[in-house]
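Q: I have a protein model open and would like to learn how to read it. Could you take me through some features?

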Amino acid sequence: MTLTERDVAPLLVLSALFVGGLVTANVIAAKIVMIGPLFVPAGVLAYSITFAVTDTLCEAWNRRITQIVVNAGFAVLVLVWALIAMALHWPAAPFWAHQEAFLQTLGSTNRIIVASLVAYGISQTLDVWVFSRLKALTQGRLLWLRNNVSTILSQLVDTVIFITIAFYGELPILHLIWAQLLVKYAIAVADTPVVYGSRADR
């Protein structure tokens, strides 16, 4: 597939949104926040950007390009993990008095990034595969169906794996799982018009 300048600009923007949402979600996920009566990791909103982007990429471009972006996101997560680990263990300047707070804030990020790498590698690949298969089966029709079905399945897998690895033994994981799924599914329904808009723009 040959990309024109018209293709490259939105592709770069979407890729940047994808990686930015992914990294932000992992950095802030250690904090548990309230959305109404629900308790969820703070990263849920940032991470929700990624499944809107993958569906948009699959619809407007193709599975191969989408998988490249997903793989790039995985590589960036590994790099972020290594840089955070290095920063945590790097000796602090003698006049800097915030090492304990720094360790407490970012120290839990290591476990979260491990959880995210496992969950992300499985769920995003599943999302791209299901979306592409449904697009082929429906001959390009019923965009709302493949957008929501691929997200429902992939985020079920993602949420169960991520919450279990990241918070098992520390927080009530069953509540976090169902609460996060409710939020993600609500966002998935809301982002369907965005994905339709991307197709119209093409």
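**Helices and a hairpin**

A: Let's begin with a pair of helices: H2 passes H7 in a right-handed crossing. A crossing is right-handed if the near helix is turned clockwise from the far one by less than a right angle, and left-handed if anticlockwise. This is a predicted model, where local features need pLDDT of at least 70 and side-chain atom pairs count only at pLDDT 80 or more, while totals for chains, interfaces and linings use all residues. Residues are numbered from 1 along each chain as its sequence is written, and side-chain values use heavy atoms, leaving out hydrogens and water.

Q: What do the labels mean, and at what angle do H2 and H7 pack?

A: Helices (H or I, at least four residues) and strands (E, at least two) are DSSP runs, numbered from the N terminus. Axes are lines fitted to C-alpha atoms, for helices over the stretch in contact, and angles run from 0 to 180 degrees between N-to-C directions. Here H2 (residues 44–60) and H7 (residues 173–190) pack at about 45 degrees, their axes 10 Å apart. That makes H2 oblique to H7; angles under 35 degrees count as roughly parallel, over 145 as roughly antiparallel, 65 to 115 as roughly perpendicular and the rest as oblique.

Q: Which residues of H2 and H7 make the contact?

A: Contact means heavy atoms within 4.5 Å. From H2 come Val44, Leu45, Tyr47, Ser48 and Phe51, and from H7 come Gln180, Val183, Lys184, Ile187 and Ala188.

Q: How do H3 and H4 pack?

A: H3 (residues 63–89) and H4 (residues 99–107) pack at about 155 degrees, with axes 10 Å apart. They are therefore roughly antiparallel to each other, and H3 passes H4 in a left-handed crossing. Ile84, Ala87 and Leu88 of H3 meet Gln99, Phe102, Leu103, Leu106 and Gly107 of H4.

Q: How far apart are the end C-alpha atoms of H6?

A: The expected span of a helix is 1.5 Å times one less than its number of residues. H6 (residues 143–167) has 25 residues and should span 36 Å; its end C-alpha atoms are 35 Å apart, which agrees. After H6 comes Gly169, with a positive phi near 85 degrees.

Q: In what sense do strands E1 and E2 pair?

A: Two strands pair if DSSP finds at least two bridges between them. E1 (residues 32–35) and E2 (residues 38–41) pair in the antiparallel sense over four bridges. Met34 has Phe39 in E2 as its bridge partner, and Val33 stands opposite Val40 in E2. Their hairpin has two residues between the strands, and Gly36 in it takes a positive phi near 65 degrees.
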